Structures are given as structure tokens and as C-alpha cells.
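I opened my notebook to look up two places in this model. My entries follow the structure below.

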Amino acid sequence: MGKLKETIHEVISNEIPQNSKVLDLGCGSGELLEYLIKDKNIIGHGLDINDYAIINCIEKGIPVIQWDLDNLPLDFPDKSYDITILNQTITQVINSKKMILEMLRVGKEGILGFSNFGSLEIMLKFVFTGRMPITREIPFKWYDTPNIRLLTIKDFYDFCKANNIEIKKKVFLKKKLNSTKYKQIRLFTNLRSDLAVFWIKKI
Amino acid sequence: MGRNIPYDIKYYIFSQDKSFELESGKKFGPITVAYETYGTLNEQKNNAILLIHALTGDTHVTSDYDKDDKTPGWWDTAVGKGKAIDTEKYFVICSNCFAGCMGTTGPASTNPDTDKPYGLEFPLTTVRDMVSVQKQLIDFLGIKKLKCIMGGSLGGMQVLEWSVLYPQMLESAIVIASAYKTSPQIIAFGEVGRNAIMADPNFKNGNYYDGAPPEKGLAIARMAAHITYLSRDSMEAKFGRDIKKDLKESDEMYGFFGPMFQVESYLRYQGRKFVQRFDANSYLYITKAMDLYDVTSGKNNLTEVINKVQCRMLVISFESDWHFRPSESWEIVKAMMNKGKEISYVNINSPYGHDAFLIKNVEMEKVISSFINTKRDK
């Protein structure tokens, strides 16, 4: 497996059927959608609020809609997309719960990826430095981080249980030692994963 | 209207046998289309961009090709050599709309049957008619597919109409500060204007061409409309409650009623300036066409109608625009998304209200040029 972005794109693309209709919530500069359009010939729309992200998408020819994800509910009909994606965005919206429920209302299924705040690395940093941990996945100080809703993999399991969300598949990624590359892991995932990607569906 | 024009307008004349059918079913002709082109049409004829002017615009988009520099183009900021819409790369066409008064056949044109101006004998015109007339011009120029079509406000409505009427002729479309139908609030402002024109004693049921035109009515119409083009904040910033010092003779009744606010003076100036270049009957026909426009023809099935669109589309709105609000642009975007179309939407945070698209705006220009020059080949 390759670098972080490519790894996540591959992992997500693997599960997406050809020609699906996909909504990427918080699409940034549209790399994932570009990958999916090439790889799976999807019909894709991205939502983002950032001006630069929007212009980057338009330059690439990726359909993009300027929209503030804190502006919920989403103004789209139920199940109007095959798949909705929230890739490393859920930690940045104010109403995370509503956001996840909305993505599963608008999409038949959802793909949700986030940085795991429960990893041993983060916990050790927290314990030994006494300061908010800074990692490669979350490289911000407490005062300028866009990540305002931090969670762990176990937190997410609890959330799904409480909200009748079925986890159809999950992939855990951990960066390799002394490398910028990532690998999939299966054991002690809450402690070892840097990133988690879940395929979810409302029951 | 006998205007001295210091730049080259071209004319295309068709339907001399009155064979051209309007949306109403009425046959009409002959029709002259005034248009200007900038840049060079390439051999494959695939680099043409059609720009559609707004309510009172004309063919003169950019002054970059003028022999003298007397007449600014209405979109000089965005269109020209090396600009966002680059005339060194693209062949830019802009025609005056049907029922207009800037060279294209309209109510002020001479009716060949009577040798007099049409006046209110001119047939009722719709946005679709404006588009069908433009299509004749594009056919005449031998262009099978437009690289891009774009327009703001009423021009944006025509872009939308093009997109559903001749979808196979468009590679991409940009709808700016527009809507798929006019809101009752804007129809109301339009009606104030139309009433002002018709109440002017010079109006004479539209037959004023051999005497003084209904300038007062038309000026008031323009003043009312102009309010809707600015935002409350931009008025506050531009005029505040400042007082105009030197009153002119034309500033009737001021002094009597107290001092004149700058905003009052500005609106009067806009009114005075407008009547020098615009025909009152054209104003009635075009504003009514805009108010009547509804891409769904009243059927309220926007999503189904939008399904006809085949090209990629960009919709741009401005946060402070209350003439056509961002929420009205959003309706078009949402319908396109629902149908899985290639749609992008940008809501620009400009304080200048509806007029924002005609004012220098780096973000809008960047978005437009990125969209036209997009790297992804289909």
C-alpha cells in the first residue's frame, strides 16, 4: 500500500460499484472524486466550503458545490445518492451526529473515514507530554485545529449501536515504521490504527 | 434609433418571408440580429463562446478591440485579450436580444408593412424567442457546438433556456446571478417601472416615435429597478446619508423639500443616463418577458425539465444579491444534482448585490476561467 491519500482512495474505491452516484461531503480539492471518476466511472458531486478547494475542483473538472457542512440538514432527497462519503471530515463539523444521520438519509450507504484518537501513540503522547497530542494525521495545535470533534474507534462503535447503524465493513490503517506508507491491520485496532474507514448503513 | 457607434457591429437578417415562428405561434419577420464578435473562430469552429447580456445590455462586451477608447464594454473586467474569458483563445460572440433596441429588431424598428415603428404592434416576446433568435445567428455562423455559453441575470435565464432547448449544441454553460423564474417581489418592481412608463403623458400607447419619448416614466422605471441591483450594505457604504451640495436645474423640487441625499441624486443620474440609450417600449417588452419566464412553463417540474441538460454547468450566485437570491440559484443546482448532471456551484461573498457580476471580482473570474479551461477531457 502507498501513501496516506492514495491508500485511502484505493480502500474506498475498492468498495464502490461501477457507475455509482456518489456525494463526497467535504471533498477538498477533489482528489478522491477524481480517482473514483477515473477508476469507477462514477457520477460524483463534491461539497466543500473552501474557496481554494472549489477552484481546484473546477480546474480538474470535478463537479463541486459550495456548501457549508454546518448548514444541516442537507437539502437533498432521501436515498438520492448510492454512496455518501465523509472522509476525514466528521471531526470538523459542529453537529457530527446530525451529519452522520444525514449522510445515511441522503445516501443508501455511507463511507466514513476518520483519524483514530484512541491510538497508543496518541495516548502515550498525551500521558507523557501532558499536552494535546500532535501527530502526522492530526498535525495541529489545540488553538488552530479544524478538528473539533475527536473520537476513537470504540467511540464510533458505541455511536453506531446507539443510533441503529450497521457497520458493513471496516478497514484500519496504520503507518509503517520509518515510512510514509500505510498498511492495513486487523488486530488491536483501537490501539494501533491511525485511521479507520467504515462502510455504514442505517438499519 | 439613430446612434453613432464607434465600433463595428455586424447584422444578420433572416425571416424576410416572415417564416420565423415565435413561441406564441405567431410568425414574424424580418428579423435583424445585431452582434459583435471578438477573437478568431478556429477552423474546427469549436472555440466559440456565446455571451448573453442582461436586461439592458448590448453587444459591446469589451472595448479591447475598439479603434478609439470611447465606449467601455459591459464586461471589460472579465472579457478581452488575456482576460478570464480570453478573446485570444476563444471566439466570443454577443448579440443584442430580440425585442431590444441596440440594433436587433424590436418595437422601435420599422415595420416594413407600415413604414412606421412597430410600437405596441410588436409581437409579445418571450425568453425562448430571444434564445431561438440567437440560435439562428449561431447556425448562420456555422457553429455546431458552443464551447461555452454564459450570461448573468436575464442573460442567465437565456443560458438556462438554451441548455434545455438546444442541449446538443452546448459543451458547457454558466448561469450567473440568475433564476429559473422571477420571484413575485421582482415582478412587483417590474410592474412599478412599467406603470411609470405607461403613466407618462408622452407614452401615447407606445406611439411616441415622432415626438418626445416617455423619458420621465422610463427614468423612474430605471430608478426602481436600480434599487434591486444594489444591496442595502453597498448603498450604505456608497452613499450613507450624505447630502448632495450642488443642485442642478434638473433636480426639480429640491431646496423646497429640503436637501438632496446622494442616493437620490445617484438614482436620478441613473435614470437620466438610461433614457439616452434605451427605448421605453423595449423596456416594457423585455421586462415582461423576464417576469413571465419560467423554465418549467408553470408546470413546476424543474427536476424533469433540467433532465434535458446535456452539458456541464456552472452556477454562480452572490451572497448579497436579493434580485435573484442564492436560494434561487440553488434550486437549479439541486435539480441538476438530483439528475446526476455535471454541476458546479459557487456562492460568492460579495457585498455588491445583483450588480456584483459586472464589477471586478477576482474570485468570479478565476472560477469562470477555470471552468472554461478545465483540464479533464470527456
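A crossover is right-handed if, with the strands pointing away from the viewer, the path from the first strand over the helix to the second runs clockwise. Helices (H or I, at least four residues) and strands (E, at least two) are DSSP runs, numbered from the N terminus.

The model is predicted: local features need pLDDT of at least 70, side-chain atom pairs count only at pLDDT 80 or more, and totals for chains, interfaces and linings use all residues. Residues are numbered from 1 along each chain as its sequence is written, and chains are lettered from A and ligands numbered from 1 in the order in which they are written.

**Entry one: a strand in chain A**

I looked up β4(A), residues 81-87.

Next I checked pairing, which takes at least two DSSP bridges between two strands. β1(A), residues 21-25, runs parallel to β4(A), with 3 bridges. Leu23(A) has Thr84(A) as its bridge partner there. β5(A), residues 107-115, also runs parallel to β4(A), joined by 6 bridges. Thr84(A) has Gly110(A) as its partner in β5(A).

I then followed the chain: β4(A), α4(A) (residues 96-106) and β5(A) form a right-handed β-α-β unit.

**Entry two: two helices in chain B**

How do α4(B) and α6(B) cross? Their axes come within 8 Å and cross at roughly 125°.

Definitions and conventions: A residue is buried if 20 or more other C-beta atoms lie within 10 Å of its own, exposed if 12 or fewer, and partly exposed in between; C-beta atoms are placed from the backbone. Axes are lines fitted to C-alpha atoms, for helices over the stretch in contact, and angles run from 0 to 180 degrees between N-to-C directions.
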